[in-house]
There are 2 protein chains.
Amino acid sequence: MNGAQALIRTLVDAGVDVCFMNPGTSEMHFVAALDDVPEMHGVLALFEGVATGAADGYARMADRPAATLLHLGPGLGNGLANLHNARKGHTPVVNIVGDHATYHKQFDAQLESDIETVARNVSSWIRTSTSTADLARDTAEAVAVASGPPAQVATLILPADVSWTEGAEPVTPNAAATPNTVDPAVIAQLAAVLLGDEHAALFIGGRACRADALVDASRIVNTTGSKLIAETFPSRIERGAGRVPVDRLAYLAEFAAMQLDGLKHLIVVDTKPPVSFFAYPGKASDLVPEGCTVHVLAGTSDDVAGALAALASAVDAPADAATIQAPGRPDLPTGPLTAEGVCSALGALMPEGTIVSDEGNTSGLFAAGFTAGAPAHDWLTLTGGAIGQGLPAALGAAVACPDRQVIALESDGSAMYTMQAWWTMAREQLNVITILFNNSSYAVLNMELQRVGATNVGVKAKEMLDLTRPDLDFVALATGMGVPATRATTAEEFVAQFQAALATTGPSVIEAIVASII
Amino acid sequence: MNGAQALIRTLVDAGVDVCFMNPGTSEMHFVAALDDVPEMHGVLALFEGVATGAADGYARMADRPAATLLHLGPGLGNGLANLHNARKGHTPVVNIVGDHATYHKQFDAQLESDIETVARNVSSWIRTSTSTADLARDTAEAVAVASGPPAQVATLILPADVSWTEGAEPVTPNAAATPNTVDPAVIAQLAAVLLGDEHAALFIGGRACRADALVDASRIVNTTGSKLIAETFPSRIERGAGRVPVDRLAYLAEFAAMQLDGLKHLIVVDTKPPVSFFAYPGKASDLVPEGCTVHVLAGTSDDVAGALAALASAVDAPADAATIQAPGRPDLPTGPLTAEGVCSALGALMPEGTIVSDEGNTSGLFAAGFTAGAPAHDWLTLTGGAIGQGLPAALGAAVACPDRQVIALESDGSAMYTMQAWWTMAREQLNVITILFNNSSYAVLNMELQRVGATNVGVKAKEMLDLTRPDLDFVALATGMGVPATRATTAEEFVAQFQAALATTGPSVIEAIVASII
């Protein structure tokens, strides 16, 4: 078999059986080899940012990596923003980037560029596989490194001749690495902190936001009178009725400071100490209150759930000490449509097992509150702050969980980066409802313009944040990519359209015309 | 004034008065400062690849750089593919990438990443401006470096606090650098080669494809019995009736080899010796025939037009020795619409001064032939091979030349990368007609799949090259972004729609439904 065939066989044997791809000429042997390995599911994306964002969304739900297939340096560049989000969320991705044949690189052909420098922005493991004989071994290593712990983006650069040359053999997968067990001395020390008199909080992220870990976290804080706060943008948080409710740290540093005020101990679990998303003149970047000591319970290489369980035992937390969210749904909205109304309809109607990909930005601000008591569901957020992630992540989540309802909360400005995701949703007939908040502006930037202290804002500046002239028509855009779409301007319309979308399979888009809440 | 104000003032004073931008929070002071420098024209793009491709197209026509404004590493990543094209075409671009405040970087906030590594893929000049006092000086240097010679992409990284801090002053522009004069000994030596008995060709690119330089090139080859061949993908070629006709080297190496066959001397002018676009098993990468000597007349830092004029003198070329294209237009097509018919309608109807941004790929193959005798026009091509360049380049060209008709020849697959350009065309009311060849496939890849020797191609592989299921509706997509659009399925419909589009100002899209020619 040739290199490409061995590569794909090795991926599949290692559990990577989905590849989100936007191939070019240098990847044609990989494409041809898809038919030789029937277990591999190739998913075509019409833009690389869709492929990489989908791989991110897939792995958040599947807890194992998907592969991407990208075309040389420019293809990787197009996929970089969503790989950045994957990196920041510690999501495993096996990134395969085709390159010119090894002997062709010296000629500096048009598409020649330094792929490794681009990859370095998002990958700590980068390998250019230079021999067909070693390709399967490199592939197995890429999967192992990506899977972690710590999970990460691993980038395998695949020269065309390494791909097309015969004589390759697949290899058996590397043994899965096991996470580190947190030192019992650390557990004991942090139990003492929590049981002490000083005000403490668990600040959780990553795998600590999964349902079982959250139960232990809640047991700990309830037993010790501490506070539980999740990071602002968790990769995946399991929530809803029957699960542990947890407030996320606010995006706005002013509000975050209020949440953290008075803390003397902040125990960080699978995340980093809180910092301001951006810098603002005269405001602190580090959100840890003065006089507050930061402790680390567990990080990306550790057994996070095990550490929380051990800490719960160490503080003698009763088994039933966790706070459990009672079921509860908001009323259906009526009257003129608002962002708040959309979010209450979401809370009122979303089915059990829904996966929400949240890039609603300012318009989605009410969504967490209105869905708190909805049936158990998963919530995926913008881990790295690079917008254009919501639709691809929804697509990937739907590929990972074909039996669940996926809902993308998307905003007009963000949708425009990677809306090509709709086409792939249509092709794969994925069960994704996009709720598109159209408020005709980069609303978050209108707010940020004030917050950074840019005063006396003039006409030209305001135009750069305005998405009118012309208005974007998302019904036309979605329809143009083969996804049925409707527009809602009243709450009643929205509810009827949302109910209809929930009752059908396959993708749909609802454009919700709302005022900016800013 | 603050850093941003001084930066923009310095740009304008140095002749950079257009900025294609997709800003975020860290660029808000730059945005606010737009109103303080009225000469700066800020052009909003809804995706960074549009901004960078527009800057490329602008500079090809204006012969001076535009600025871009991008948001941190992910924003630069999204803009990278078209910066790659600019780099390969030696187009000047002043790339401004906002970054976190200098003191904020240590906290590794969500959008933190290593911007310089990404920039290195496309920029040889990269500077992070770390003090407000030096920002204007850095800006002037960025413009000077970008302008060249050699022209290039210069990347200025702008931390938010450097932008917002007061106390900056603009600086006067750096003096423009002058190109090197080619050594008379080189001229004399190459004149001897051309006047000798062995078969020789001028292989031209870059500024040698401008009208005046082409006249001298044609005088040279006609006087010496040599051949004139242009590079496959010139940045801008001036052509049409009254200008020098020149064949471009074929994209397919097999055909290129025929064009170069028998040459003993290849004199390279502002380009590189010809190489195959991709590597193919068993085929040569280097297209220079065996036994052919490569000579360099002038490169990117040289006075290319001056070198050609000197060489014309050295071979005693008569002033009127150039081949001049006679006017001539094809007949209007009739009957079922084909890619060939679209191209003949283009040749029959395009007005004098048209700028064609050509990303028609396989469908556009006939365009050069059918427009050879059309009134004088400019032709912009895919310099770096990274698709998604055609629409942004058309946008930028239209900003540079508001009084001229711009026509984007675009193909379905390529359009999907950066179609957000249509929205900006609508907002700026640019005179761009997009002719969208919809053949429902990545046709070039169907061809490449065979050419790379991937035989026994199966169902799964073919699906990865197919753009149906669902069909893309480009009329809906363009309309959704505010651009009037029509669909043509017969030649008569296409002609009528094209005539109507030519008779109006502002952007329009014609979706031409054609069969793949492959």
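The structure is a predicted model, in which local features require pLDDT of at least 70 and side-chain atom pairs count only at pLDDT 80 or more, while totals for chains, interfaces and linings use all residues. Residues are numbered from 1 along each chain as its sequence is written, and chains are lettered from A in the order in which they are written.

For chain A, the domain assignment (bounds come from an automatic or database assignment) gives domain 1 (3–164), domain 2 (184–314) and domain 3 (339–513). Between the C-alpha centres of domain 1 and domain 3 of chain A the distance is 28 Å. Their contact (C-beta atoms, placed from the backbone, within 7 Å) takes 26 residues from domain 1 of chain A and 26 residues from domain 3 of chain A. On the domain 1 side, two or more residues each come from β1 (18–21), β2 (41–44), α3 (48–62) and α4 (72–88) of chain A; helices (H or I, at least four residues) and strands (E, at least two) are DSSP runs, numbered from the N terminus. The largest share of that side, 11 residues, is given by α3(A).

An open sheet of chain A consists of seven strands in the order β9-β14-β13-β15-β16-β18-β17, with mixed pairing; two strands pair if DSSP finds at least two bridges between them. At its edges stand β9 (237–239) and β17 (485–488) of chain A, each with a single partner strand, so one side of each has no neighbour in the sheet. Strands β16 (residues 432–438) and β18 (residues 508–513) of chain A run parallel and are joined by six bridges. Within this pair, A:F437 is opposite A:A512 of β18(A). Helix α14 (residues 390–400) of chain A packs on the sheet, where it touches β13 (355–359), β14 (377–380), β15 (406–411) and β16 of chain A. The direction of α14 makes about 175 degrees with that of β15(A); axes are lines fitted to C-alpha atoms, for helices over the stretch in contact, and angles run from 0 to 180 degrees between N-to-C directions.

Chain B is superposed on chain A by a rotation of 180 degrees with 0.0 Å of shift along its axis (RMSD 0.0 Å), the relation of a two-fold axis. In the interface, 85 residues of chain B are in contact with 85 residues of chain A. Helix α4 (residues 72–88) of chain B supplies the largest share of the chain B side, eight residues. Of the interface residues of chain B, 100% are also interface residues in chain A, so the copies meet through the same surface.

Technical notes
Contact = placed C-beta atoms within 7 Å. Least-squares fit on C-alpha atoms with pLDDT ≥ 70 in both.
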